[in-house]
Protein chains: 2
Amino acid sequence: MVSPIDPTSAAFLLAENRSQPMHVGGLQLFEKPEGAGRNYVREMYEEMRDGKDIAPLFLKHPHRSLGTAGRLVWENDTQFDIEHHLRHSALPRPGRVRELLELCGRLHGTRLAWERPLWEAHVIEGLRDGRVAMYTKTHHALVDGISAMRLIQSVLSTDPDRRGMPAPWGFLPSSAKAAKPADKAEHDLAQVPIHALRTAFGITAEAAGLPAALLRTLNKGLRNETSALSLYAPRTMFNHSITGSRRFAAQDWPIERLRAIGKASGTTLNDVVLAMCSGAVRAYLLELAALPETSLVAMVPVGLNAKQSQVASAEGGNAVGAVMCKLGTDLADPGDRLAAIHLSMVDGKRALSSMTPMQILAMSALGQAPAILPPLLRMQGIVRPPYNLIISNVPGPRTTHYWNGAKLVGQYPLSIPINGMALNITCTSYDGKMGFGLTGCRRTVPHLQRLLTHLDDEVNALEKAAGV
Amino acid sequence: MVSPIDPTSAAFLLAENRSQPMHVGGLQLFEKPEGAGRNYVREMYEEMRDGKDIAPLFLKHPHRSLGTAGRLVWENDTQFDIEHHLRHSALPRPGRVRELLELCGRLHGTRLAWERPLWEAHVIEGLRDGRVAMYTKTHHALVDGISAMRLIQSVLSTDPDRRGMPAPWGFLPSSAKAAKPADKAEHDLAQVPIHALRTAFGITAEAAGLPAALLRTLNKGLRNETSALSLYAPRTMFNHSITGSRRFAAQDWPIERLRAIGKASGTTLNDVVLAMCSGAVRAYLLELAALPETSLVAMVPVGLNAKQSQVASAEGGNAVGAVMCKLGTDLADPGDRLAAIHLSMVDGKRALSSMTPMQILAMSALGQAPAILPPLLRMQGIVRPPYNLIISNVPGPRTTHYWNGAKLVGQYPLSIPINGMALNITCTSYDGKMGFGLTGCRRTVPHLQRLLTHLDDEVNALEKAAGV
């Protein structure tokens, strides 16, 4: 059972090395249902383990040999062992979130072996507050980070009493269809996962390939200062070579607080998220005496409507572009930073809408696969980085969701740091909270967890500045 | 910093594949010292993590490239990250030995990636009896199984009050020398580890290489029924292809009980260990309706004195030969099985002493590296296996040992199942107990843990048969 690997997936596999594992991750926190027994987590693990359906791509591993003429193909794992992929783990004492983040960082820093299907899921007990954590790790050759999170969401339900729900890797088109009627209100949510499993369901969208001509266009755009695509980004400590070691930090804040800041200052929720990151990165770099004089630039993926992109149809309306946003880290005042970010985003979106369809398609590919381009562009060889870090903000479900009665109370994405881009911030909203996931190289970005404190300080500072 | 890989180590690296990871493991159980605080295990972990000395071989990884002309070499890991190799883990509830063995089986079933130094150590908390476990995993290219256990023993002390002791991978010749005076009585113990770290200390013993001529001799001997080396071994369920999934079972029994059986029956301690294995394997195969009519044959490594082997000097007196032992699994009576094993071992040792030095050297290589030969011999292609399983019994320290005040209360080896040899039993004595470690392919040897019950039943049956 051999099937072809599409060019994008192959590129992710080939771009991978020990310093740059190419997998995305997700951390979910669940509250046990009422009346859960002492062995609840084991039972949850066993239920997932014993599920019979597994999506085809989760049963295949990449293979290349003389028999395939050196081409990379997907091959069925004839020794597939669910207990290798799904693991029941526990946290050491005292079982704080800190121990959980340490474990996630460690798990995220280890490459998936090509000899087995490229995913892992860990059901984790031992949080002293009684919550259950789930860390999942999926190779970017299978899904991108956002799709991976949506894949997990797609098996959740708004009904706390529903049972018999499959694990994310058990999400098959048939079970999806069966699940739909009950969850009609969440239709927007469940749309994406099918696209996520690119090859599994035979969907190798043209847009997933990255033709050489487009790459050249994009490359030129990023290197050319006169282009609307590019801004002057200073060289920072984030823009160095990285190792394979990872740290992960995660926390969430009430969206209500962030919206109030936006409302009072005439900015968007996304502007406020970027301002939080800006202030936190500024404080972090100041502490390390490493703040550049000019502002850092973030690459911010943004949604494009079909009219803007003209190519969105291939992606079912989910086309994504990218804006280069000046973060205003050179400004001391939180309010000034927020205002600067707002202007930069407005400018950037305007530039994007004046691009040719070809340029937008190139940007769309960039947004869809932010981690793959820099290796292709040999970012390390560029003296001046085109941007300093990637900050993504992806809307998630607004209502409370459950998995077989366990209430999802938080979710945080783990992304892919790469050479020259050692820190990645990805946010996702869920049930009234904005969850931040910060993934960094442990060597290049020391004391990553300090950014959480700085983020929290920045929310307070922005509230004060906006007068809320 | 590139250094050559000796031929034996290279052979272990090249024989490895997804079904046959070539690492050995050890499980140690410690009791916390009196007055240990709630964070004792974390402190233990941190002490190990922060140790400054690391033996050179534990900092290198195998490397092969155009630059090395395709040869395998050891190369320094320029991104060495102790937190990747030393991990602080916890058991899920209820924290029984069962959960510990599950974790060990899972850890033992995952290959070490060549891109990093080939070892891992896990400090494990969460056993409900309060003990602390340590699982270590080292590639056979670095040490063999026995040496790996002795390496760990070498950093232990008989003095419960001693502190500042290094971790096993911090065992350097200099620290060894510094440690010696206090532990003179344990000199016999500490002899081996230096040999264990073959390349690290520049000791590439001639005996470690496996010249092709010797291999041919040995190959012929094992295939030739007329040779004293070989017996008729029936084909069993253990002698099939394996997968990479592992199960591990471990338990210990008081040596006093086993000695009493030997004394009453005129047999040796080793005979009794073999009889326990024989009875247990018989009961296990009977349950599965898979017991062959003729007796199973075990390959049993035995110590050789210098005079016998004539080549022992290169190995510092630790030369090892191998006896093919008829286990008497065709006999229903436990006493009959013990008697048959005793005779078979006496015969086997006699055959061994009548061998030519050349043959003994070949056997010595076999004993030293039991896992490497079958792949070289292409055992899978042999219709009739030369033996059915490997049972090793290696004497360990007789007195209580400590690591920085933590009392070692049990240790159990994890070995290497290979294609055609799906079950391995390795025993080691320590402080009045005989610890059994059973490592098997989870698919080929289902319900491996049942063998523990059968082993226990067999001790009782042998006591009854011997009248003790």
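At 5% relative accessibility, B:Asp81 counts as buried, because the term applies to residues under 20% relative accessible area. In this predicted model, the side chain of B:Asp81 meets that of A:Arg442 in a salt bridge, with 2.3 Å from N to O. A:Arg442 lies in the loop between β15 (433-441) and α16 of chain A, and B:Asp81 lies in the loop between β4 (73-76) and α3 (82-85) of chain B, so the pair joins two chains. A:Arg442 is buried as well, with a relative accessible area of 18%.

Another of them is formed by A:Asp77 and B:Arg18, whose closest N and O atoms are 2.9 Å apart. Salt bridges that share partners also join residues of the two chains into one network, which consists of A:Arg42, A:Glu46, B:Arg96, B:Arg98, B:Glu99 and B:Glu102.

The contact as a whole takes 33 residues from chain B and 33 residues from chain A. The area buried between the two chains is about 3200 Å², and carbon and sulfur atoms give 30% of this area. Of the interface residues of chain B, 100% are also interface residues in chain A, so the copies meet through the same surface.

One helix of chain B may now be considered. Helix α4 covers residues 97-108 of chain B and has 12 residues. From its first C-alpha to its last, α4 reaches 16 Å, close to the 16 Å expected at 1.5 Å a residue. Buried residues in α4 of chain B include B:Glu99, B:Leu100, B:Leu103 and B:Leu107. An α-helix has 3.6 residues a turn, so residues three or four places apart point the same way.

Salt bridges also occur within a single chain. B:Glu16 pairs with B:Arg111, their closest N and O atoms being 3.7 Å apart. This pair links distant parts of the chain, 95 residues apart: B:Glu16 is in the loop between α1 (7-15) and β2 (23-31), and B:Arg111 is in the loop between α4 and β6 (119-125). B:Glu16 counts as buried at 7% relative accessibility, whereas B:Arg111 is partly exposed at 24%. In chain A, the side chains of A:Glu287 and A:Arg450 meet in a salt bridge of 3.3 Å, N to O. Here helix α11 (residues 269-287) is linked to helix α16 (residues 450-466), and the two partners are 163 residues apart. A:Glu287 is partly exposed at 47%, and A:Arg450 is partly exposed at 32%.

Chain A itself is divided into domain 1 (2-182) and domain 2 (209-466). Their contact takes 48 residues from domain 1 and 39 residues from domain 2. The area buried between these domains is about 3800 Å², of which carbon and sulfur atoms give 63%. A:Gln20, A:Glu31 and A:Leu101 supply 13% of the area that domain 1 buries against domain 2, more than any other three residues. How many salt bridges cross this interface between domain 1 and domain 2 of chain A? The rule finds zero.

Definitions and conventions. Residues are numbered from 1 along each chain as its sequence is written. Chains are lettered from A and ligands numbered from 1 in the order in which they are written. This is a predicted model: local features need pLDDT of at least 70, side-chain atom pairs count only at pLDDT 80 or more; totals for chains, interfaces and linings use all residues. Side-chain values use heavy atoms; hydrogens and water are left out. Helices (H or I, at least four residues) and strands (E, at least two) are DSSP runs, numbered from the N terminus. The expected span of a helix is 1.5 Å times one less than its number of residues. Buried means under 20% relative accessible area, exposed over 50%, partly exposed in between (1.4 Å probe, protein chains only). Contact means heavy atoms within 4.5 Å. Domain bounds come from an automatic or database domain assignment. Buried area is the accessible area (1.4 Å probe) that two parts lose on being put together, summed over both. A salt bridge is a side-chain nitrogen of Lys or Arg within 4 Å of a carboxyl oxygen of Asp or Glu.
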